[in-house]
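These are my notebook entries on a structure that I had not examined before. I record what I looked up, entry by entry.

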Amino acid sequence: MNDNVLKPITRNEIAQKIAQSIEEGAYVNLGIGMPTLVANYLPKDKEIFLHSENGILGMGPAPEKGQEDWDLINAGKQPVTILPGGAFFHQSDSFAMMRGGHIDISVLGAFQVSQTGDLASWHTGEPDAIPAVGGAMDLAVGAKKTFVMMEHLTKDGKSKLVEKCTYPLTGLGCVAMVFTDLGIFEITPSGFLVKELFNNMSFEAVQAVTQAPLIKGN
Amino acid sequence: MINKIVDKLSDAFTGLKDGATIMIGGFGGSGIPHELIDCLVEQDAKDLVIITNNAGSGETGIAALLKARRVRKIICSYPRMADSHHFETLYRSGQIELELVPQGNLAERIRAQGAGLGGFFTQTAYGTLLAEGKETRVINGKNYVFETPLAADFALIRALKADRYGNLIYRKAGRNFGPIMAMAANTTIAQVSEIVELGEIDPEVVVTPGIFVKHVALIKDRS
């Protein structure tokens, strides 16, 4: 048996892990991109409120084909629906929900997360890149808890859990928990605490591909 | 008798000058006052500063304004969208200035102007590129950045219904920046799909009271 084999889970499985950790009554914002998948796995027996930064609470799934309403879209500009009991509001109220600490959980994608919880998610810093930030900086610092959902490694195999971010920051010390395809990591005052490693991977195998030091969980 | 409903769209733009600052409502494709933007393009005013969330896509709306080279500077949170090629071309060739603002700061800076505030401290963007050079302060042990208000000469917004006093209700997430831009501009023009008699909008559900609206333009939905 080779202890150093990585056995990553799929994006949908990461989404499932996050969805399972969300409690009834939570107000949750799912960021653009990978975090949107979490909506597909929210437990049906719990009432959870999805917030969309463009001014929706109680956001529902995508409409059936032909039923799209282009005044009813999510932050990624895709058509969605609104559930009974939902509400619409303007931008200042919507961001007051984030910035005022009323959103319980914000799930964001990321390029890098540092061991002190710094988040880099909005800009590669390349000179010809067109910078665009949207609500990422508000979500990162405003929610009660910021979760990051991302692959553990970049396409060319570099660790996205780092001692210090090299990409421009979205927020300082704002991340509470990181869900990757290898495991779940909590940001603690001493760094990345391993909460779970998937498919019985060894701590050593995951540490070997992670630039930041990991702390063994129980 | 007060009647804010304009007969001719261009009448609403009286007083527009070169160099004016203009807020334009909308998020992605929702709540965009397309016909008001088309009319703005026809006005020939140039060197405009546009405050809006996205920088337009395709060939219509804000993209048309950019294509007509009327915009000196854009203040927005997310200029990069599918097919935002007019913005990208101007930006890459240095022909447009971009002030990138986190979306919550954009909204609150607009609201601050509308509410007569000189600015506010926020935790958003502290320690990032977008807070460089800005005043900071520690409040209750947390780091905050000072942000200033955003004012405008005109706001172009889209709502669902209006009465002749300019009371507005919106449609779904098309509401987005409308209510706060209406408060922040000297002259707010609201494009609506329907005009109703006074009293037909229940005072309990008015979203933007007419005090914030100067002109109302009826634009029937294209079907």
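Predicted model: local features only at pLDDT ≥ 70, side-chain atom pairs only at ≥ 80, totals over all residues.

I began with a right-handed β-α-β unit, made by strand 1 of chain B, helix 1 (residues 34-42) of chain B and strand 2 of chain B. A crossover counts as right-handed if, with the strands pointing away from the viewer, the path from the first strand over the helix to the second runs clockwise. Helices (H or I, at least four residues) and strands (E, at least two) are DSSP runs, numbered from the N terminus.

Residues are numbered from 1 along each chain as its sequence is written, and chains are lettered from A and ligands numbered from 1 in the order in which they are written.

Next I looked up the pairing of these strands; two strands pair if DSSP finds at least two bridges between them. Strand 1 (residues 21-24) of chain B pairs with strand 2 (residues 48-51) of chain B in the parallel sense, over three bridges. There B:Thr21 has B:Val49 as its bridge partner. Strand 2 of chain B is also joined by four bridges to strand 3 (residues 71-76) of chain B, again in parallel. B:Leu48 has its bridge partner, B:Val71, in strand 3 of chain B.

I then turned to chain A. Which order do the strands of its open sheet of ten follow? I read 4-3-2-1-5-8-10-11-12-13, with mixed pairing. Strand 4 (81-88) and strand 13 (214-215) of chain A are the edge strands, each pairing on one side only. Within this order, strand 1 (residues 27-30) and strand 5 (residues 105-108) of chain A pair in parallel over three bridges, and A:Val28 is bridged to A:Ile105.

A further open sheet in chain A has three strands in the order 7-6-9, with mixed pairing. Its edge strands are strand 7 (119-120) and strand 9 (161-162) of chain A.

My next entry concerns helix 1 (residues 11-20) of chain A. Its buried residues (20 or more other C-beta atoms within 10 Å, C-beta atoms being placed from the backbone; exposed means 12 or fewer, partly exposed in between) are A:Ile14, A:Ala15 and A:Ile18. Seen down the axis of helix 1 of chain A, the buried residues fall within an arc of 100° and so line one face of the helix; the arc is that of the directions from the helix axis to the C-beta atoms.

Finally, I checked where the chains meet. In contact (C-beta atoms, placed from the backbone, within 7 Å) are 31 residues of chain A with 38 residues of chain B. Helix 2 of chain A gives the most to the side of chain A that touches chain B, with five residues.

Key. Contact = placed C-beta atoms within 7 Å.
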